[in-house]
Every structure is written in structure tokens, then in C-alpha cells.
Amino acid sequence: MAKTQIIAEQGVPQILITKEFDAPRELLFRAHIDPALLVQWLGPRTLTMTIDRLEARDGGRWRYTHRDADGNEYAFHGVYHGAPSPDGIVQTFEFEGTPGHVSLQTLTFEDLGGKTLLRQNAVFQSVEDRDGMLQSGMEDGVNDSMERLDGLIATLAPVR
């Protein structure tokens, strides 16, 4: 299993996440826009996820909520910019616990001949917003999500 890389350069309001998957890019793309698949991998394993809205189209909105064992809720929402496709997804991202701190995320799915390099570039309004995201435990959540996505993809990918 390839390691997830998380890069946050000092003083730059950006986080770059990359990971290679042993699956075609169309499958990785589907895992990002199919609600039945998304709930199986996005977020830490200790939380359950509910999709409130997922309109994977230009101008479409999305919203999901994570819940912990004590019933605490953590909701996120955003808007798609351009039509999501296996070439990429552009969307805003906002944690409802800190309204007004919106990032712009671009995901690309690079075909590596049966494998796919997933790149997620998040640009924040300020370095402080980016640092707040890092301090929130985002790295643990990303690593857990990418491990879960790897496992899900392994069950869905065609056998070679």
C-alpha cells in the first residue's frame, strides 16, 4: 500500500495530499461522487458519516455530517465548480464548526496505466486558516480515510 503524502510548506496557505492507488481512475472518481461509496471511506473510522446532499454537477452542493459515539456532530459543506469528472473535481470546503473559513479544493486523478495518482490541492484564505486545519487533527483523518479508500478500492477493482 502506497503511503499518503501530506505537504504543507511553511508560510504557504496550501495543503497538497497525494496517494497512489492500484485501481483505474474512473473507479477512484466514482468513490468520490457515489454516496454509497463515499460513506464507506471518508473520515476517521471512529466516526459514522451521513450524506445530507451530494449533487455532483457544476454548481451542485454537497453536505455531510460525521458523528462520534457520544452523538457529537461535525458537519461540512461546499459547492462544486465545473462538472466533476475523472479528470478532476473542484469544490469549496467549509467546516460548519468554523464558518467563514472556506478552502478551494482541486482533486485530480492521474492515470498511471491501471494505477491512479490522486492529488488533492487545498488552498486556504490565509496561512492561519491552513494551520488551523492542520491543528484540527486533519492529518490523522486524511491518513485514516486514505487507508479506508485503499481497502474499499481493493474490493471494487477488477482482478488483473
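I took helices (H or I, at least four residues) and strands (E, at least two) as DSSP runs, numbered from the N terminus. With that settled, I found tyrosine 74 in strand 5, which covers residues 73-79.

I noted that this is a predicted model, in which local features need pLDDT of at least 70 and side-chain atom pairs count only at pLDDT 80 or more, while totals for chains, interfaces and linings use all residues. Residues are numbered from 1 along each chain as its sequence is written, and side-chain values use heavy atoms, with hydrogens and water left out.

**Entry: the whole chain.** I looked up the secondary structure and found four helices and eight strands, which follow one another from the N terminus as β-β-α-α-β-β-β-β-β-β-α-α. The radius of gyration, taken over C-alpha atoms, is 15 Å, close to the 15 Å from the globule rule for 160 residues, so the protein is as compact as a globular protein of that length; the rule itself is 2.2 Å times the number of residues to the power 0.38. Along the principal axes, I read a C-alpha trace spanning about 45 × 35 × 30 Å.

**Entry: burial and contacts.** I used buried for under 20% relative accessible area, exposed for over 50% and partly exposed for what lies in between (1.4 Å probe, protein chains only).

**Entry: tyrosine 74.** I returned to tyrosine 74, which counts as partly exposed because its relative accessibility is 31%. Apart from neighbours within four places in sequence, tyrosine 74 is in contact with Tyr64, Thr65, His66, Asp68 and Phe95. I also checked leucine 47, which is 27 residues from tyrosine 74 in sequence and 9.5 Å from it in space, C-alpha to C-alpha.

**Entry: aromatic rings.** I let rings of Phe, Tyr and Trp (its six-membered ring) pair if their centres lie within 6.5 Å, with planes under 30 degrees apart called stacked, over 60 edge-to-face and the rest tilted. The search of the whole structure gave six aromatic pairs. For tryptophan 62 and tyrosine 64, the ring centres are 5.1 Å apart and the planes stand at 20 degrees, so this pair is stacked.

**Entry: helix 1.** Within helix 1 (residues 25-33), I listed Leu27, Leu28, Phe29, Ala31 and His32 as buried. Their cover includes strand 2 (14-21), helix 2 (35-38) and helix 4 (138-156), along with strand 6 (89-95), strand 7 (102-111) and strand 8 (116-123).

**Entry: two more residues.** Threonine 4 sits in the segment before strand 1 (5-7), and I recorded it as buried because its relative accessibility is 8%. Not counting residues up to four places away in sequence, threonine 4 touches Ile17, Thr18, Lys19, Val142, Asn143 and Met146.

Glycine 100 lies in the loop between strand 6 and strand 7, where its 46% relative accessibility makes it partly exposed. Its contacts, leaving aside neighbours within four places in sequence, are with Glu94 and Gln125. Finally, I looked up glycine 100 against arginine 119, 19 residues apart along the chain, and found their C-alpha atoms separated by 25 Å.

Conventions:
Contact = heavy atoms within 4.5 Å.
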